Structure formats: structure tokens, C-alpha cells
Amino acid sequence: MSLVKYEILTKVAEVASFTKAADALGLTQSAVSHAVSSLEKEFGFALIHRSRAGVTLTSEGDTMLRAMRHVLDAQELLQQEAAHILGVTRGKVRIGVISSISSNWMPEIIRIMDNQFPGIQVELREGDYYEIEQWLLSGEVEVGFLNGQKSEQFLFTELQQDPLLCIVSDKSPLFNKSVIDIIELEDMPFIMTSYKGTNDVKVILEQYHVKPNIRFELSEEVGIISMISHHLGISILPKMVINTLPPTLKAIPLKQGGYRTIGIAMKHHASPVTKKFAEILSTWLQEQNNYA
């Protein structure tokens, strides 16, 4: 029963709400509240702080949650190993994804997994590189997409290099160029991608000591493209996030090249299901490259 309570507290902490946790778990709100109260009584201290602003963990609750996740991970690994011995692949894999991966890669990967391994349950959690790294370290996801090695606590495998392209409108003096020297971006109105962690665009600008006139910093590529469409600046974006551009915009290669590295990170002792996901992903990418 305690493991069920651990799962309930984990979900409450994730969604910061008793009601949302109950809906996600298919339980009543009173059952969720009773489980948390039972844990607090069992441990002898408060785990949850309730206020009008919502539900948050106490410092003690945060400490206990990390320990509970280790217990739940161990239980999941135990069940997966038993299934693996029996020749059956089943279990759950929680994956941290960036938006371009969730829209470009994951639909086909999940379709393949559903067809070949219906016993594997896939959970996706979307965030930026920094958030995914934190989820990996805290155990909230088993595997995540990052743009480079972040920690010695997990294994990073490079998958693909995604070219960085300069996005300009037809009002830009750069529009008719076939290639752009990054030096030309000095002092130009610029829409910067904004997220925590290593920013690939900022890295290449700093590498060549280029300082554009940053007008706005936006986290959503759709917003950046809209700004460029209204002739408010230019930007640099990875090729993968540029599915279709309006006819008034162009994506132009940089003379210096430049790319973001896409890879996956997982624990050194990953579960059989996590390894199976990585294997399917690698095979699919290899097939895509062969077709290209």
C-alpha cells in the first residue's frame, strides 16, 4: 500500500493539485488527500503545504519525495527485469523531450513502440534542456533529450547534428544571399531564442564575437518566426524547428556552419524498457538517414 501512496504523492507534487492528481490517477480527491495524510501520520511530519495559491511540498516533503522516487524506480526496474527474463518487454519509460523532438520524432517512434511492444507505456514530459536535465537528476524521467553532456551521473549518446540557419524576411538586406557570414549579423535587429541551459545560438554568436541588437527574447519558435514575418528582426534557428516558412521568409545557411547537437541521456544502469526505447530510436534515425 505504501508504494501506491508514494505514487500519489509523486503525482500531487508533479501537478501541484489534489484535484488534478486525482483525475490523472483515476481516484477521488478524498482518496488522494487521505493517502497524503496517511503518509504524514506515518512519517510524523508535514509533507504538503496547502494554501489558496495551491499545493507545494514542504522541505521535508521534497526530501522524502526524492527517496520515494528511488523506491518507485527500483520497483519498476524489478518488474522490468522479471519481464525481461521471461522474454516479455513491458513497463513504463518516462521521456523528457524538447518541443521539436515531440513534434518531429516522437509520433513515429511511439507508433513503432505501440506496434512492436504494446506492453511498454510511454510518458512524455516537454521542457527545455535545463528542465530535462533536472528531471533526469531527480529521477522524474528515465531518459531525456539534451544538446550535450551535462552530468557524469548519466550516459549521453549523440544522435544527430541539427544545422543552425539564419531566418530573414524579404525586407532584410540579407534576403537574396545564398549563404550568410555570421559577422554580417553585428548590430542587426535580432530575435533571440530564450531558454535555460546551454543556448546553441548564443554559443555560436559568442564564438565569433558577434553582438547583434537583441530586440526580443522568446522561448517559442512560432513567436520568433511571427516577429521576423513582421520585419522586426532576424534570428538563427535549428533546421528541425523550421517545418514550413511563409514565402516572405528564407532560411539561409551560415558560412561558418554551426549546429546544435541532439542526443539522449540516461542512467548508466538503465532499465530494459529504457534501453529498448533507445534502441528503437537509434534504428529509426539510421533508417531516416539512409533514406535522406
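Me: Before we start, what do the values rest on?
Reply: This is a predicted model, where local features need pLDDT of at least 70, side-chain atom pairs count only at pLDDT 80 or more, and totals for chains, interfaces and linings use all residues. Residues are numbered from 1 along each chain as its sequence is written, and side-chain values use heavy atoms, with hydrogens and water left out.

Me: What makes K11 and E14 a salt bridge?
Reply: A salt bridge needs a side-chain nitrogen of Lys or Arg within 4 Å of a carboxyl oxygen of Asp or Glu. For K11 and E14 the closest N and O atoms are 3.5 Å apart, so the pair qualifies. The two are 3 residues apart in helix 1 (residues 2-15), about one helical turn. Helices here are DSSP runs of H or I with at least four residues, strands are runs of E with at least two, and both are numbered from the N terminus.

Me: Why is K11 called buried, and what is E14 called?
Reply: Buried means under 20% relative accessible area, exposed over 50%, and partly exposed in between (1.4 Å probe, protein chains only). K11 has 18%, so it is buried. E14 has 38%, so it is partly exposed.

Me: How do you know that R111 and E108 form a salt bridge?
Reply: Their closest N and O atoms are 2.5 Å apart, so they meet the cut-off. These residues sit 3 apart in helix 6 (residues 106-116), again about one helical turn. R111, at 42% relative accessibility, is partly exposed, and E108, at 29%, is partly exposed too.

Me: Why does D200 have no salt bridge?
Reply: The nearest side chain of opposite charge, R260, is 5.6 Å away, which is not within 4 Å, so no salt bridge is counted. Opposite charge is judged with Lys and Arg as positive and Asp and Glu as negative; His and the chain ends are not counted. D200 is buried and belongs to helix 8 (residues 200-207). Leaving aside neighbours within four places in sequence, its contacts (heavy atoms within 4.5 Å) include Y129, N147 and R260.

Me: What makes strand 1 and strand 2 a pair?
Reply: Two strands pair if DSSP finds at least two bridges between them. Strand 1 (residues 48-51) and strand 2 (residues 54-57) have 4 bridges, so they pair, in the antiparallel sense. One of the bridges links I48 to L57 in strand 2, and a hairpin of 2 residues joins the strands.
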